[in-house]
Each structure stands twice: as structure tokens, then as C-alpha cells.
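This note sets out some points on the assembly for a colleague who has the coordinates at hand. The contacts between chains are taken up before the fold of one chain.

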Amino acid sequence: MLKVNNIDVYYGDVQALWDISFEVKEGEIVALLGSNGAGKTTTLNTISGLLRPRKGNIEFLGQELTKLPAHKMASLGIAHVPEARKLFPEMTVKENLLMGSLMPEAKARREESMERVFTIFPILKERAWQAAGTLSGGESQMLAVGRGIMACPKLMMMDEPSLGLAPFLVDEEFKVIERINREGITILLVEQNVAHALKACTRAYVLEIGRITLQGKGEKLLHDKHIEEAYLGI
Amino acid sequence: MALFGQTIICGFLMGGVYAVIAIGMTLILGVMKIINIGHGHLMMVAMYVCFALFTSLGLHPYIAMFVAMPCLFGIGYLLQRYSIHRVRFVDTILPQTQVLLTLAIGLVFVEIIRVIFKSDFRSVYTPFSSKCLYIGDMSISLPQLISFGIAMAFVAGLHILLTRTDFGRSIRATAQDLDAAKYMGVDALRVSSLTFGLGMALAAAGGALLLPIFYLFPDIGVPFTIKALIITILGGAGSTVGALSGGLVFGMAESLGAVYWAPGYKDVVGFVIFLLVLLFMPGGLKTVIKR
Amino acid sequence: MKKVKLGLLLGLVVVLVAAFALPGCAPEVAPPEEEEEEEVPTGPIKIGINFPLTGAKANFGTMDWLSIQLAYAKFGVEEVGGRPIRFVIEDNRGDPATAKSAFEKLATLDEADVVLGGYTSSCGVVQAAAANDLKVPFLICNSSKDAITMEGWEWVFSGARVPASHYGDNMWPMIDEVLMPGGVSKVALFYEMTDWGTSSAEALRANFEARGIELVYDEPYDSDAIDLKPMLAAVKAAKPDMIMAVSYLMDASLIARQAGELRLNVLCFMGQAGGYTMPEFVVNAGENANYILTTALWSPFAPWEGELAGVKWTNQEYYEGYLGSYGAEPDYHGAQGFAQWMICLDALLRIDAAGETINRETIREALTETKLMTTMGLIEHKDWCDDMGHCYTNQGLPVTYVTQWQNLVQEWVWPVEAKSADYIFPVPKWEER
Ligand SMILES: Nc1ncnc2c1ncn2[C@@H]1O[C@H](COP(=O)(O)OP(=O)(O)O)[C@@H](O)[C@H]1O
Ligand SMILES: [Mg+2]
């Protein structure tokens, strides 16, 4: 479904990614793991078109992405649930959700999607008329994911959805991710919470200082020596 | 008592028209994060469009505004798309290149208008211009009342556009978080160009509403840019409710200042408000008036 | 990409520079070569022209210049003493800094023998100061601020120009003989906050007080104000018998309209020249202009006539000539411009007739002896003091008038000898019109 082929990405003259390649297949949950500053967000922003690779290319459903402007990605079926949520703080919860469904296909199914979001996150229905800027951290994250669901995407990219959440909320969050996936959305998950992510994912890639150093099935990596030492603290 | 009532009426009616002019600026500031120094100058262009339609076809500004608004919308759209936007990411020695560019564009328009219409003062005076309603000893100018009504209709229309339509929400979203708006599939260049156009169309409406009660010459824009800026700061950037309340407060302050302080210091009233707001209420009225 | 950026930046700079500076900067040409001091100059007699010809203040600067050209054509003198007359034109855009540099250029680079100019007071002041420093005779046309001829500047000649505090000189007899006996005892005075407005108000205030008339309202106002109704409402609340207003054109029109809207009823509304006398006033104020009295510096009906350079002329002829040539009515600004060329030409002819060389010094001397009938009446350059203690140098004192708008036409009503219609006083109430 999504193929990233040998991309190099720079911020100005500073290189952030070196020869990154990975693949996400339909129906999978693929995790992109790595510590802070490894280049995970950079990778997602490059797929979203906010950054351009200097080398390499990206394909989505056979279409070349690297030449398209950022706002076209949504219409191809890619939803980006960004790091730090990036909600529209002065708009209501409902308006934020509506903003998720601007593309014609998603717009046609707006009511239905809204119901779906409200069944997954009942609290959002209660908060529908509240400004997004006034939500708690957990609620904000739910709204960010809900906004992604509203797009009826084929692929949802989630950037550290568990960041800053209380432990019980993190469990909830991963349940939701698995649920969304079961309902038919392919997921590219970026996480620092390696243990949780490896349990939830089909396959995973490990990013270190801009390079992919490990890849494999989630279960298998969970028992990898290097992972245990570097990320799981065993 | 009649004096106080008259003062309030004058300030209120004027404030409504100020609000329409300022709302265009606040919209542009909200979405593009630039102060459009050419705002008043482009409003002046719209006034000349109305003036020309009045002298050639006899169209009253209330009708001519529906020609002037699309004209200014087009000018605004093209300016943003092909000129202001282009310098966005250019690094130059000058800070705020875009702001300076709006100033330069405004001045170019002033000179163009001067070539066409000369520096002469113009006005659209019809016997209707002086019609008034009287309540006791107080008078309400009919054209001002109509201008106020139309102004409020535009403010309400804009408010509905911004809160009830996808396009309007996209404008607000772009203002609040540009990158997130792009993730949602918003074409930011298109939205900012349309917003600039919309802002200019509203300035055009404000100009057209002023024409029956005021006069016109090529340099008329500057004080209006300043007023719009003060109202924008007073109301809070990007907020229709803020611009409306800011406009009314500003109109009222000018009017009260002229009667109970000194008519020579209207501008000082404005600048005092400007300073006080910056110092004590930096978010503007919109932070006070929460929905 | 770099190129594009540079291009954009350059473009921006050019536009900005063009918008702000271009009109002001005369090219820096090398200083004139040192010529040997000639006893008798043979080149043309150079007349510097320094008015706002473009920009926001261009209307009246242009009227001055057109009137000067009309006078030049009318008297047909193209050379004096074998030397052709040549005009050197500098547009100062109404900007004092530009006016000053333009004057310096005329005085040094162009070596003008005499300069005509001055429309706004702020330009007139710097031009007059420059004239005195550089010792170039300067005929100042309109700039009305009193102080311009109170500095003892002997190179500045202000025969046809009236100091602001004397704009209303002929209004006082009318106030004494007509308005006060008719019941005027309380006056509201308001004036635009400019040099002209405040110096006018100073004189008006003193004169009202000297007559025991109470000033129930006395405020400057901001002439750019969009809504003057709050001020007028305050005026109304002060219940004056008479309004005395010093305003420019568009604020005058707004005031007339808005006074009508507020039904601000008084026995009479008197404007101090400025906006209230202009033809555009009635266009912009409509029927609200009716019954407004105003002091005026000039009347097309004034019976002035004479002969200069063998050509007979009349005041009315100037009015018709201007209307015919330019399709617009002239006002006092133009009449002052016309008169200034008459004064200038008269001085040149007298120097030549006396067999002397025409240069700055002889022109200055000739101007001190001017005694000439013009479109502004009989003009002499004299040194004198008024009862406010203002002492003027080379200052004439043209006759002033009072006019009244009647049925949308400006009628001259005072002095009675120069009237075109009878005055209407007290004026009808707004609701009865
Ligand atoms: N806007 C930026 N400008 C310059 N460098 C950046 C920028 N954003 C991130 N970087 C750098 O790129 C590297 C990768 O950052 P990021 O992709 O945000 O890491 P992660 O999301 O894995 O924590 C880091 O070294 C970071 O400092
Ligand atoms: Mg990150």
C-alpha cells in the first residue's frame, strides 16, 4: 500500500534521514519506533508532503507522492494524526471533527463517521460544543484520532498517540488503535512506547539517528537483544 | 440628556461601518499573520469604483457595492496569489517583507487612482444623504442607519460563513494551525487567496457604505487603515465578534471623546485605546467575550 | 531562486523609493560652472514656479499656476529689456521638505530671478525662509499663516496674500451693523486644527471678546474626522446665536450637511473663507449650503479694473477667462495667482523703464514700490502693524468680502458697494426650509 524507497531528507543543509526504506501493506499495523530525535516525525511529514526528500521516492497505492502538494494527501486517503495533536484550539470539538471530513468521499459519509467516532469516544459527544483548546490531554488525543477517523482514510499515520497520557489511558489508546485497524484502516504507528507498540503491531521498523537499524515482526522484536537493552530496559 | 443620546447614536452608527472595514483586516491578519497596510488604500479603490458607477450610470453606492465587492475580491485574490504569497518564504534583509509589500501595493493604487481621477475631492451627494429620523431632539441619519443595517448584515453573513460552512471553517483552521489544516487537505494558498479577496470585498463594502455620508479623495485610505488596525487590536485578531465589538467601542469612544473631551483629539482617543489594549488586554476583546 | 529573490527585493525597493522620494529629489547635477561676473546678464529672465502640481494638494497649486499662465498670456509680455521671460517649474507636491529643496534648486541651479509659489502654510513658511536666506525675491500667493510675513523677511512679498487673521476684516462691520443689532450675543467658534485654523481663531476670538460677545463654544477639531456630528451636537447644546467656523472644503461640506441633520438652528452661520467659499462646497453640501455666510477674499463681482503693459483688464474678465479656458470656476487662490503675475510683471517693466538691469536686487527694490490695481484690489507692499500687535513686512491688505449661499448660488452681500444680492438674516430654521 505505502512504499518508502531510499529517501534522504534534510532540514536546510542538515540531514535528518539517511536512505530510509520501508513498506506498509493493506490491513497491517506497522510501527516505526525510535527514541526522541530519531527522525520519526520527519518521516511522517515527508510522507504527508510537508517535507520533500532530496533522494528516493514514496508510493501510495502505486501513485508517486513526492511531487504532490501536502493538501492532496488527504484526498488520496491518507490521514495524519499529528504529533502533539495539532487540534484547532478555538474551534469546537464538533467543528474539529468536521474539519477531518473535507474531502468529497469523507464528506458524503460525515454523519455516519461522526456517529462512529462518538461510539468509540462517547466523551467527545458530551464535549461536542466545547472549544478544543479546553479539553484534557486524553480528550485531546481522542479528538485527534477521531478527526482522523472522520476522513475515512485508507491509511492512518499516528504520531506518538500515547505521548503524555496516563498509563490507563495508554492501554485504552492501544485498544482503540487495534479496533480501528480491525474496522479496516491500515495504520502506520510512530511510537517511543516500544513495549506497547510491539505488542499491538504486525511488523515494526526501528529508527536510530535517521537510519533504519532493525525490522521484523512485532513479536520477534519484542525478544530482540538490542531492543531489550536499548528500549525496554531489561 | 439629548446631547448624550445623540453622542451615543452617532458613535454606534459609525462604529458599525468601522466594524465592516476592520473585519476584513482582522480576517487577513488571522489567516496570513500579516497586517495589510494597504487596506485603506484598497478600500479607497472600491469607493472610486462606486463613485464612477454613480457618475456614469447613476447607481447608488448601495447598489454599486455589489460591483465593487467582486472587483476588490478579484484584486485581493490575485494580489495574494501572485504577489504577497510569493515573498512569504523569501529571506531578505527587511523584516516583514509582506507587510511592506502591502504598503507598496497600496501606494501604487493611490497613484493610479490619482492619475485617473485627479486629487479632487468627490462625494456622492443625493438629497437622500441628509434624510433623518427624529426622536425628540435627537436625529438619526437615514443613510447612516441603512449603512449600519447593511454593515450588520455583512458581519452576520460573514459570521455564518465562518462557523457554518466547510470553507469558513477551513479559513479559521488555517488561521489557527496552518500545518494541521494542510493535514486535513486544506489548500492553504487557495484559502489565503480567497481570504484576502474576502477581506478586500468587505473593505469595499465598508467604503461603499461610507460614500453616501462621507467624501472621497485618493489619499483617504491612511486614517482608515489606522482605525482598522486599532479595531483589530482591540477586538483580537481573526475574530468577527471581536471586530464587531471593537468597531462599536471605537466608534463610541471617538464620539464621546469629541463631545466630552475635545473634538480636535479624535486620533488621540484611538491611540490611547491602542496603547491601553496592548498593555492591559493583549488578546483583545475576543478574550473577554467568550462564546 | 536567488535571482528571483533579489529581483523581488529590488522591485520592492524601487516601488517604495518611487512612492516616497521621487517627486522630491531633483537630480544631483554638478554645480554650475563658475561664470565670470557679468555686469549685464543677457540670458532669459527666469521666473521660478514652486507649487504643488501633483499629489493631494494639487488642486489649488494648479489653479495658481494656470492663473499665472492666464495672466502671462493676457498681458502678452514675453520679453523685458530684450531678455525673454522663461518659467522654471518645480512641483513640490505640497510637501514642505520638497518645497524647500525645490526652492533651493530654483535659487542655485536654475538661478531664478524671482520665484512665485506658496499654497499651504507649511510649504509657504519654508519657502519664505529659504527666499530670505538665499536672497531671492519671493512672491507668495496663498499660504495664509500670519507669521510668514511677521519675521521681517525683506525678500518675501505678500501683496495679494491675506494673513489668516485678516480674512474676516470686512465681516466685523457687518457684525457691528447687522448681526449684533439683530440679536447675536453668543457665538460658537470651531476651527480645524491647523496653522491656518488656529491663527484665524486667535484673531476671531479677540475680536468677539472686544465686542462683548460671549464664546459659548470654542474648540479646534480634527479636519479628517469622518463624523462631525458629535462636535455639532455639543455646539447645539451650548445654544449659540451664531456659528463661526473655520474649515477646509470637505469638512465644511460635512459640517453643513450634518448641521442640517441635527437641526442646529442659529441666527446665522458664518464660515471663515476656506472651504465655505469654494464652488465645490455647494456640490458636496447640496441645499444645506443655503444661507451660510462666509468671509471671502475675492469676488468675481468686485469692480476692479485697470491697465498694465498697455493692456486693459477687468476682474470679471479674469473670472470668465479662467472658466472659458479651463472649464472650472476659479476662486480666490486663482485670483491671487493672477494678481501675483501682474505684480511681478509690473516690477520688471518699471525696472526696465528706469533703464536698470533686471536682477534679484533690482526686482526686490521695485517690489517695495509696488502700487498696482489687481484682481485682488489695490496692492502695495508695506510694513505695518495691526491691533493684535502683529507686525508685517511687505504685506498688502486686499479688501475682503462676505458672501452668502442663496439658492445654491454664492451671492456677495457685503460690503454693500460690491454686493450681488441682499443678505438674508436671520436665517430660516432648518425644519422650515
Ligand atoms: N524543523 C526542524 N528544523 C531543523 N531540524 C529539525 C526540525 N525538526 C526536527 N529536526 C531535527 O531532525 C531530527 C529528527 O527529528 P524528529 O523527526 O522530530 O524526531 P522524532 O520525531 O523521532 O523525535 C532531530 O535531530 C531534530 O533535531
Ligand atoms: Mg516526533
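How much area do chain A and chain B bury between them, and what share of it is on carbon and sulfur atoms?

1. The model under discussion is predicted. Chain A and chain B bury about 2,000 Å² between them, with 58% of that area on carbon and sulfur atoms. In chain A, the residues that lose the most area to chain B are A:His71, A:Phe88 and A:Glu90, which together account for 27% of what that side buries. The contact itself brings 23 residues of chain A against 19 residues of chain B.

2. Four salt bridges are counted between chain A and chain B. In one salt bridge, A:Lys107 is paired with B:Asp166, and the closest N and O atoms are 2.9 Å apart. There are seven residue pairs in polar contact between chain A and chain B, both residues being at pLDDT 80 or more. Helix α3 (residues 93–100) of chain A provides the largest share of the side of chain A that touches chain B, namely four residues. By class, that side of chain A has 12 nonpolar, five polar and six charged residues.

3. Two pairs of chains are in contact, and of these, chains B and C share the most contacts. Chain A and chain C are joined by no contact, and their closest C-alpha atoms lie 15 Å apart.

4. Between chain B and chain C the buried area is about 4,000 Å², of which 64% comes from carbon and sulfur atoms. Three residues, B:Phe121, B:Tyr125 and B:Pro263, supply 16% of the area that chain B buries against chain C, more than any other three residues. The contact draws on 54 residues from chain B and 48 residues from chain C.

5. Two salt bridges are counted between chain B and chain C. The side chains of B:Asp137 and C:Lys236 meet in a salt bridge with an N to O distance of 3.5 Å. Residue pairs in polar contact between chain B and chain C number 12, with both residues at pLDDT 80 or more. Among the elements of chain B that give two or more residues to the side touching chain C are the helices α1 (2–32), α9 (221–235) and α10 (240–260) and the strands β1 (132–135) and β2 (138–141). Helix α4(B) gives the most to that side, with nine residues. By class, the side of chain B that touches chain C has 31 nonpolar, 12 polar and 11 charged residues.

6. Within chain C, seven strands form an open sheet with mixed pairing, in the order β8-β7-β9-β10-β11-β18-β19. Strands β8 (214–221) and β19 (409–414) of chain C stand at the edges with a single partner strand each, so one side of each has no neighbour in the sheet. From one strand to the next, the twist averages 25 degrees.

7. Strand β7 (residues 186–192) of chain C runs parallel to β8(C), and seven bridges join the two. One pair of bridge partners is C:Tyr191 with C:Pro220 of β8(C).

8. Which strands does helix α5 of chain C lie across? Helix α5 (residues 171–179) lies across β9 (242–246), β10 (268–272), β11 (293–296), β18 (401–406) and β19 of chain C. The helix runs at about 75 degrees to β19(C).

Note on methods:
Residues are numbered from 1 along each chain as its sequence is written. Chains are lettered from A and ligands numbered from 1 in the order in which they are written. This is a predicted model: local features need pLDDT of at least 70, side-chain atom pairs count only at pLDDT 80 or more; totals for chains, interfaces and linings use all residues. Side-chain values use heavy atoms; hydrogens and water are left out. Two strands pair if DSSP finds at least two bridges between them. Axes are lines fitted to C-alpha atoms, for helices over the stretch in contact, and angles run from 0 to 180 degrees between N-to-C directions. Contact means heavy atoms within 4.5 Å. Buried area is the accessible area (1.4 Å probe) that two parts lose on being put together, summed over both. A polar contact is a pair of N or O atoms within 3.5 Å; within protein, one must be able to donate a hydrogen and the other to accept it, and residues adjacent in sequence count only if both atoms are side-chain atoms. Ala, Val, Leu, Ile, Met, Phe, Trp, Tyr, Cys and Pro count as nonpolar, Asp, Glu, Lys and Arg as charged, and the others, Gly among them, as polar.
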